[in-house]
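The following exercises are to be worked through with the sequence and the structure at hand. Each task is followed by a stepwise solution.

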Amino acid sequence: MNDLTTSLAVSASGMEAQANRLRHVSENIANADTPGYRRKVISFDQVVESGTVRAGKVRLDPRELPEIYSPGHPMANEAGYYNGSNVDLMIEIADAREAQRSYDANVRLFDQARQMMQSLFEVLRR
C-alpha cells in the first residue's frame, strides 16, 4: 500500500511541476513582443526523502536582448533602437509540448495507481 501512495505522491508532484512549467511557458509566449522582456526558465528539484519533484527557482534567460531598429517606437533611443525580447517562439512551443506530454504521462500514472488502490480496497472489503 505504501508503494501505491508513494506513486500517487510522485505523479501528483510531477503534474504540479509541469503545470508550473506550462504557466511560465505561456507567460513567455504572451510577452514575446514585450520590449525588454527576458524569458523565464524553470528547473526541477528532486526531493530525495519522498522521491517527489518540485519546481525550482525561476531564472531569467541571460542571453542578450536583441536590438530592434524602429525610430518611431516610444522606447527607441537616439539611434532608433530599443531592446526587444529574448523569447524564441519555437523553443517555447517545444517546451510546451514537452511539458504537456510529461503532464499527461503523470496523469496516466496517477490514474493507474488510483485504480490499483481502489481494486485493493475492494478485495480487502470482501
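**Exercise 1: A nonpolar patch**

Ile29 is found in helix H1 (residues 2-30), where helices (H or I, at least four residues) and strands (E, at least two) are DSSP runs, numbered from the N terminus. The model is predicted: local features need pLDDT of at least 70, side-chain atom pairs count only at pLDDT 80 or more, and totals for chains, interfaces and linings use all residues. Residues are numbered from 1 along each chain as its sequence is written, and side-chain values use heavy atoms, with hydrogens and water left out.

Task: Determine which residues make the nonpolar surface patch.

Solution. Step 1: Ile29 has a relative accessible area of 35% and is therefore partly exposed (buried is under 20%, exposed over 50%, partly exposed in between; 1.4 Å probe, protein chains only). Step 2: Ile29, Leu89, Met90 and Ile93 make a patch of about 370 Å²; patch residues have over 30% relative accessible area and no salt bridge, and nonpolar side chains are joined within 5 Å. Step 3: helix H2 (residues 89-125) gives the most, with three residues.

**Exercise 2: Charged pairs**

Solution. Step 1: a salt bridge requires a side-chain nitrogen of Lys or Arg within 4 Å of a carboxyl oxygen of Asp or Glu.

Definitions and conventions. Patches are made of residues with over 30% relative accessible area and no salt bridge: like charges are joined within 9 Å, nonpolar side chains (Val, Leu, Ile, Met, Phe, Trp, Tyr) within 5 Å. Accessible areas come from the Shrake-Rupley method with a 1.4 Å probe; for residues, only the protein chains shown count as cover.
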